[in-house]
Amino acid sequence: MAELYTQEEIDALEMHIDTYFGSYDRVFHELVSPDIHVDICIIPPSEERPYYTLVTQGMGAHCMNVPQELADYKLERAELMIALPPDWLVGNEEEKWYWPIRSLKAAARMVIEQNTWLGWGHSVSLPDSEEDRGMAFSGLLVLSPVAAEEGAGVCALPDGGEVNFYSVLPLYAEELACKCRHDAETLLNRFEQDPDEIQLWPVDVHRKNVCAHFLMGGDGQEGENVPILSEMDVEQMERFEESNGCYFGKMLEYLLDRLRDGVENWRFTEAQARADREVALWYAYACNNLDEYEYYYRVTQWMPDSEQNAGGCGAWYYRYACALVYCGQLEKALHYAEKGVRQEPAYPWGWLQLGKLRAHFGDKTGALECVARGLALEPGDYEFTTLQREIKEGCSIEEMEYHYISPEADRELQLGELVEEGDAKAAAIAGIVCDRKALEEIKALFQAEDWQADCPYCSFHFTVAGTTLEAMFRMNEAALSKLPAALLQTLLKALEDREYHVRTVETGVYRLRAVIFERDHSARLYYEHEETENILAVRILRDDQCLNLPSLSLLDMALMDETQNDEGEKPVLKLYRKNEESFCYAECRVEEDQLVIHTGIVGEAGEETAYPCGDADVCIAMIEEFRGYYAAEGYEEWPEEESYELAVQLPLRRAEEAPFVPEKAELALRDRVRRTLTRTMNALGLGYVDGWDMGRRKDTEFLLILYCTVVDPNLAADALRAALEETEDCSHLQLGVRTPGEERYALLYSADGKETFDL
């Protein structure tokens with residue numbers, strides 16, 4: 001039930017507003033009031049006050065959660081106000097005019113939603129995007145009321161209570177950062193000391209930003225033009241970069257962590273980070289080398305924010321053009337590649353990318369000129385000589401991109417000796433050139449409606465067996481155009497059978513709502529519960545060139561945490577219970593036609609019980625029963641932010657000058673160690689393998705590193721070490737741990753006595 005003023009309190013408030021702020025004859029009434037009823041009193045401009053004054057009425061019906069030490073000051077109730085120019089279109093619902101009303105209402109309800117309070121000097125953040133706000137401000141500062149008359153700030157209520165009136169001053173993001181880093185007085189001093197006279201009342205949407213170039217250093221000292229990335233950050237990124245087997249995923253993770261930390265601690269804003277050229281170069285370098293469509297797409301979304309600072313930097317244009325190529329935006333890529341060689345003609349790799357694009361668009365002479373310019377800068381370079389040959393042979397841009405920089409690694413790739421790497425590269429290249437005819441045939445096959453392309457995927461609606469479904473191809477149009485038509489025809493034909501449109505389980509009926517198609521030629525059917533709107537996802541796999549629709553035993557819940565391990569076991573749900581007495585786990589997984597329940601104490605082998613569940617509906621019901629039973633016993637999913645990351649590190653061989661290409665024995669070692677770690681952690685309820693890297697450290701040796709997400713690092717370290725010592729040479733084994741909230745790994749164990757741990 002909404003909290004409301006009494007009629008006597010309303011009368012007192014109206015008299016106070018009329019006395020100190022002016023008479024009003026218009027009220028913006030709130031239609032829906034779930035907690036408090038917030039009306040906005042609109043006081044028109046007058047000779048005494050030549051501006052609109054908007055005052056909330058209703059916020060003070062709620063008593064805010066004021067700290068106990070301030071209880072004697074009667075700060076529990078408040079109303080807010082804002083002053084607007086006399087030509088403001090008050091009442092116009094277009095966002096550029098309506099945002100002050102929306103902001104007042106949001107601030108009024110924030111104290112309820114967050115169980116907090118507002119008083120002089122406090123600040124409130126506004127929605128994230130300017131499009132949502134209709135203006136450039138990012139927050140509000142709470143100050144004394146615009147009317148400076150004595151008594152204007154407090155309205156006495158009939159029962160002896162008080163309502164405090166405050167004005168709100170809109171702030172730019174940098175001003176809000178300064179206030180949060182220091183205090184309101186510091187920010188107000190900047191307004192007062194600014195050489196330009198800045199009008200604060202009424203609101204001026206074009207006023208100067210007094211903190212426009214203001215950044216905060218890591219030591220909390222004020223400064224101008226503090227770089228986004230510190231020298232230490234750059235050194236760390238360069239360590240990740242040290243070899244062709246470098247850790248691009250870790251590089252990107254580190255970069256984003258540093259940016260997130262800087263924004264959260266008000267050293268800079270997100271907009272400043274995205275506009276920084278050095279940040280953009282590292283971001284694009286890491287993402288492009290991950291060589292997957294999603295990461296190329298992220299680069300195309302990131303780079304435009306820093307284009308204004310890209311002048312003279314050929315690498316910026318080269319990396320942006322590369323990402324555009326792999327996202328199928330070839331004409332735009334050509335534009336930026338041409339611009340890049342004009343900006344920095346001495347940057348050789350800009351000529352390399354431009355040569356490929358000119359050749360693609362039929363300019364063979366111009367493409368060969370690019371090769372000549374590149375060879376003049378890099379005489380005899382393998383990439384340029386290879387491109388020169390392929391241009392003369394009339395190769396496609398996909399063929400030109402199917403290469404490695406290293407001649408030896410590229411030879412193995414072309415001979416088909418690097419099967420896994422070749423498949424991954426081919427998958428990325430599939431997104432470059434779209435077969436328009438094939439694409440239109442696929443659209444016609446589905447009779448697709450509401451087609452949305454490359455955002456980053458292709459989504460649409462289609463109707464089958466009288467049911468309209470949402471659909472998505474998790475790829476861009478270029479990759480989609482290369483899907484086998486027969487595969488899609490098989491799926492559509494199967495979906496015409498209404499058997500696949502409804503799934504009934506003990507908890508109710510699920511109806512088919514959406515289909516998502518993956519690049520590996522699998523798909524997922526998404527079902528929605530008729531009443532609860534819970535989602536069930538059923539995976540459809542390829543089996544001997546056809547989709548295995550009739551067998552629905554391979555399923556998972558879309559809202560559950562799923563981990564696929566190397567032995568084909570699939571934990572569908574893993575729960576933990578930790579208290580002063582014990583640390584226990586309970587998990588269930590699907591194995592063929594059985595549901596296996598595994599329970600025990602973390603770090604100890606538990607007990608397993610298998611239950612027949614050949615029917616998918618029965619299996620779903622059993623999983624939900626498992627969740628409910630253990631939730632009642634106090635078990636819950638382990639919070640990701642409380643997990644530790646354990647790095648298991650083994651040396652491979654001494655480093656050489658040649659790029660790192662893993663040998664068969666090293667790949668076998670990786671697979672063997674991964675199976676051992678997965679089997680051990682599953683058996684003891686410790687966690688799961690999260691990824692691996694193979695590469696060079698400090699130009700001295702190649703390493704194998706497996707990353708594990710664990711709930712107890714000490715138990716996990718002891719168990720994994722013991723398991724590995726049974727099958728592997730662990731004389732140089734090292735274990736590092738990264739605790740929640742930390743950025744770096746600390747040494748946890750070293751077999752050969754080393755005192756530091758480096759990735």
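Residues are numbered from 1 along each chain as its sequence is written, and side-chain values use heavy atoms, without hydrogens and water. Because the model is predicted, local features need pLDDT of at least 70 and side-chain atom pairs count only at pLDDT 80 or more, while totals for chains, interfaces and linings use all residues.

**View 1. The ring pair of Phe21 and Phe165.** A search of the whole structure finds 35 aromatic pairs; rings of Phe, Tyr and Trp (its six-membered ring) pair if their centres lie within 6.5 Å, and planes under 30 degrees apart count as stacked, over 60 as edge-to-face and the rest as tilted. The centres of Phe21 and Phe165 are 5.6 Å apart and their planes stand at 45 degrees, so this pair is tilted. Phe21 belongs to the loop between α1 (7-20) and β1 (26-28), whereas Phe165 belongs to strand β8 (residues 162-171), 144 residues apart. Helices (H or I, at least four residues) and strands (E, at least two) are DSSP runs, numbered from the N terminus. Phe21 has a relative accessible area of 2% and is buried, and Phe165 is buried at 1% (buried means under 20% relative accessible area, exposed over 50%, partly exposed in between; 1.4 Å probe, protein chains only).

**View 2. The ring pair of Phe473 and Phe517.** Here the planes are at 20 degrees and the centres 4.5 Å apart, so the pair is stacked. Phe473 is in strand β13 (residues 467-473) and Phe517 in strand β15 (residues 508-517), so parts 44 residues apart in sequence are tied together. Phe473 is buried at 0% relative accessibility, and Phe517 is buried at 4%. Both rings belong to a cluster linked by ring pairs, together with Phe446, Trp451, Phe460 and Phe462.

**View 3. Charges over the rings of Tyr457 and Phe583.** Arg474 lies over the face of Tyr457, 5.9 Å from the ring centre. The charged end of Lys578 is placed over the ring of Phe583, at 4.9 Å from its centre. A charge sits over a ring if NZ of Lys or CZ of Arg is within 6 Å of the ring centre and within 35 degrees of the ring normal.

**View 4. Residues of helices α9 and α10 in contact.** Contact means heavy atoms within 4.5 Å. Residues of α9, including Tyr283 and Leu290, meet residues of α10, among them Tyr295 and Trp302.
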